[in-house]
Amino acid sequence: MASTRRVIPFAELGRQEVGSVGGKNASLGEMTAHLADAGVRVPPGFATTAAAYGELLDGHGLRGRIEEQIARLHEGAALDEVGAAIRSMTLAEPLPPGLRAEIVSAYEQLGRDEGRADPEVAVRSSATAEDLPEASFAGQQETYLNVRGTAQLLESVHRCYASLYTDRAIDYRERMGFDHLQVALSVGVQIMVRSDLAGAGVIFTLDPESGFPEVIVISAACGLGETVVSGQVDPDEYTVFKPSLKDPDLDPLIDVRVGAKRRKAVYAEHGLTRTVDTTDEERSQRVLNDAEVRLLADWALTVEGHYGCPMDLEWAKDGLTGDLWIVQARPETVQSRRAASTLRRCRLTAVPGTPLVDGIAVGEAIGSGPVVVLDSPVDLDRFPSGGVLVTGITDPDWEPIMKRASAIVTDHGGRTSHAAIVSRELGVPAVVGTGRATRALHDGQKVTVSCAEGGRGKVYDGLLAYEETETDLADIPATRTHVMLNLADPSAAFRWWRLPADGVGLARLEFIVAHQVKVHPMALLHPERLDPADRCAVDQLTEGCLDRTRYFTDRLAYGIARIAASRWPAPVVVRTSDFKTNEYARLVGGRPFEPVEANPMIGWRGASRYYSDGYREGFALECRALRRVRDEMGLTNVIVMIPFCRSLEEADRVLGVMAEEGLRRGENGLKVYVMAEIPANVILAQDFAERFDGFSIGSNDLTQLTLGVDRDSEALAHVFDETNPAVTRSIEILVPRAQAAGRPVGLCGQRPSDDPAFTEFLVKAGIDSISVAPDSFAAVKQHVAAAESVRYGEGRTAPSGTRWSQAEQPSAS
């Protein structure tokens with residue numbers, strides 16, 4: 001039986017052997033035995049068993065001496081004193097001769113199989129508790145890389161055994177109520193992949209922040225993978241859309257973020273590893289190309305399918321051969337355990353100032369308290385409960401302190417760093433990869449850490465007021481009127497996937513341009529018109545991009561794709577850019593291309609730009625990004641919407657430009673909507689309906705232009721009223737006219753969120769959809785249901801689960 005053996009090759013293990021070799025080694029065996037035919041590559045190796053560890057404990061009474069030390073801990077002895085004593089005793093106890101012989105024999109066999117003596121191996125701890133299947137000991141014990149030769153191997157195995165009693169591991173078992181002597185240790189010995197010459201990282205088969213299940217997220221850094229897990233670097237991050245991954249003709253890569261990657265772990269001259277700076281070229285380039293990302297994502301999907309649950313994997317690339325390998329796999333244990341029926345939301349109720357620092361948001365919560373800046377772990381009594389931990393990076397030694405923190409802020413690390421993983425498990429908000437938190441924040445300073453504002457986490461001065469609410473999604477009623485979301489920030493799109501929304505009614509391209517592109521598209525096309533300062537700024541933003549127009553289309557496409565993927569296959573209405581000239585001018589390099597207008601609100605904006613000589617080339621880049629999302633990535637649920645279209649002739653010209661750029665109505669299921677925000681759109685509704693597939697009412701601009709009032713004028717604030725009869729009558733005219741032509745009508749705006757009576761009016765008018773901010777969705781859904789019960793009678797709303805009708809569903813590529 002496997003449980004009585006001291007050493008077992010991976011090829012003879014499976015996941016049923018968790019009690020003998022721990023989850024880590026059992027998974028390596030499972031993949032080796034069952035997924036090789038599917039192309040998943042796992043470096044060969046072997047594992048010591050729980051029985052071998054038991055032999056060590058029982059040989060000279062070590063078990064009893066450990067029990068004595070644990071008893072001292074329970075009597076009040078210091079944790080660090082007890083841990084040091086047990087580790088010292090373990091290292092002083094010789095490995096049993098039979099175990100030493102079998103380890104050496106298995107290692108020599110590995111060398112013969114690899115065709116070289118003394119191959120480099122990774123030596124990894126894999127804790128196991130045969131009678132405690134709920135135990136999760138990931139990250140609690142030690143790993144040693146670039147171990148070579150039998151002497152170094154045996155020493156590393158011995159140190160792994162001792163690491164079962166690190167302070168953090170003892171603390172974990174105490175908190176979880178596990179009997180320390182019921183936990184054994186298996187050691188995995190695995191051929192090293194020469195990722196020190198290439199790169200390595202982590203894969204999640206869901207979004208690790210939101211739990212969105214339709215993506216695979218791959219992080220990648222130069223060198224050995226320990227810098228990613230430990231949080232020493234800000235890695236690259238690649239997001240792959242699973243539905244598109246399953247079609248070989250589609251490009252499933254829907255987002256790419258190139259990280260700073262300032263450090264990397266490499267082989268040391270005399271064994272083990274060291275950390276060095278990366279080169280400028282390594283920092284600016286991607287670690288993985290598209291084909292490598294796809295291969296890893298394919299493997300991850302295969303592993304997830306085999307295990308039947310979301311997975312957390314580690315991968316490595318061999319710099320000598322170019323081969324990719326999976327070196328670890330375990331079930332994901334944070335997002336997959338969250339209650340899918342409840343949505344927890346935090347929101348600042350005070351107006352914040354400028355952030356002191358910002359970085360990658362981990363979680364969606366808010367925390368506040370006094371700053372405690374540390375460069376190394378300290379005794380628990382020196383860290384106040386509820387303090388905000390600020391440090392460079394964290395590792396497992398920090399976990400007792402992290403459990404006491406109200407929030408965590410680090411200089412370094414990405415979404416798969418140790419700080420991110422642990423804070424996610426603890427439910428503590430964290431902002432990682434700030435670059436300068438330890439310099440910008442000081443001890444005792446009271447701050448608020450907000451991860452509730454999208455993908456960027458922010459640290460504000462002072463203790464700001466905020467609220468936490470929980471929504472039971474089962475309590476949200478079904479409605480026949482579609483209630484959709486207004487989304488702008490692609491980095492926050494996945495967080496709302498659990499909402500039972502009917503799609504996205506408004507995704508604003510200008511937000512993506514302003515926050516992720518930052519450069520005026522015409523400045524990329526005509527750099528000769530820029531002054532030296534703007535040209536330098538453009539050079540810095542587009543560093544590493546040989547084709548600067550690709551810089552624009554890549555970032556725009558990735559932003560659109562994230563939003564579209566978050567609601568697939570429901571419709572996602574993407575409005576082409578609707579900056580005013582003064583707003584365009586504020587983009588990097590924008591001033592030479594924008595006139596100074598007395599009233600930009602009714603100036604050169606929207607449709608009028610798209611066919612004009614001054615912006616036609618820029619609009620072509622927008623079309624190119626939209627075509628890439630729909631035709632290449634396969635997100636055919638994207639509907640294009642044209643804003644501020646003043647006349648029928650203008651509509652024809654814009655549609656002509658789109659067709660020239662490969663976006664033709666009806667091809668590949670493409671629908672084109674028009675914003676209804678000008679009285680002409682209402683008066684000529686039947687004619688616009690011949691040119692467009694739907695209407696979306698922009699209530700702010702429609703009110704402004706119907707009443708002839710500047711919505712931003714304080715002197716006229718009392719006149720601006722979306723419920724003015726002239727405005728509501730326009731809506732009552734537009735809806736039946738459009739619907740008679742078979743065109744749906746929606747409204748995207750703030751008013752339904754603030755005014756239940758206005759929502760009731762829209763339902764009575766027969767509106768097809770209402771699109772609101774995500775944090776207003778539940779309330780608006782309730783208001784719509786109440787209005788429908790009045791209009792249609794009790795019990796006449798849509799049945800549970802109703803979404804877009806079959807005719808309105810996007811076609812899959």
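These legends go with close-up views of a predicted model.

View 1. Helix α25 covers residues 699–707. Several of its residues are buried: Ser699, Asp701, Leu702, Thr703 and Gln704. Just past the end of α25 sits Gly708, with a positive phi of about 65°.

View 2. UniProt lists residues 478–787 as "domain: PEP-utilising enzyme C-terminal", in an unreviewed entry. Over this stretch the chain is 47% helix and 12% strand. How far apart are the end C-alpha atoms? They are 12 Å apart.

**View 3. The salt bridge between Arg424 and Glu209.** A search of the whole structure finds 53 salt bridges. In one of them, Arg424 pairs with Glu209. Their closest N and O atoms are 2.4 Å apart. Arg424 lies in helix α13 (residues 418–426), and Glu209 in the loop between β6 (199–204) and β7 (215–222), so the pair ties together parts that are 215 residues apart in sequence. Are these two side chains in buried or exposed residues? Arg424 has 10% relative accessibility, so it counts as buried, because the cut-off for buried is under 20%. Glu209, at 9%, counts as buried too.

**View 4. The salt bridge between Glu237 and Arg415.** Here the closest N and O atoms of Glu237 and Arg415 are 2.8 Å apart. Glu237 belongs to strand β8 (residues 236–241), while Arg415 is in the loop between β18 (407–410) and α13, so this pair ties together parts that are 178 residues apart in sequence. Both Glu237 and Arg415 are buried.

**View 5. The salt bridge between Lys458 and Glu453.** Lys458 forms a salt bridge with Glu453. What separates their closest N and O atoms? The distance is 4.0 Å. Lys458 is partly exposed, with a relative accessible area of 23%. Glu453 is also partly exposed, at 30% relative accessibility.

**View 6. A network of charged side chains.** Which residues are linked in this network of salt bridges? They are Glu114, Arg116, Glu120 and Arg148.

Terms used:
Residues numbered from 1 in each chain as written. Predicted model: local features only at pLDDT ≥ 70, side-chain atom pairs only at ≥ 80, totals over all residues. Heavy atoms only, no water. Buried < 20%, exposed > 50% of the residue type's maximum accessible area, 1.4 Å probe, protein only. Helix = DSSP H or I, 4+ residues; strand = E, 2+ residues; numbered from the N terminus. UniProt positions renumbered as here; feature names shortened; annotations may be inferred.
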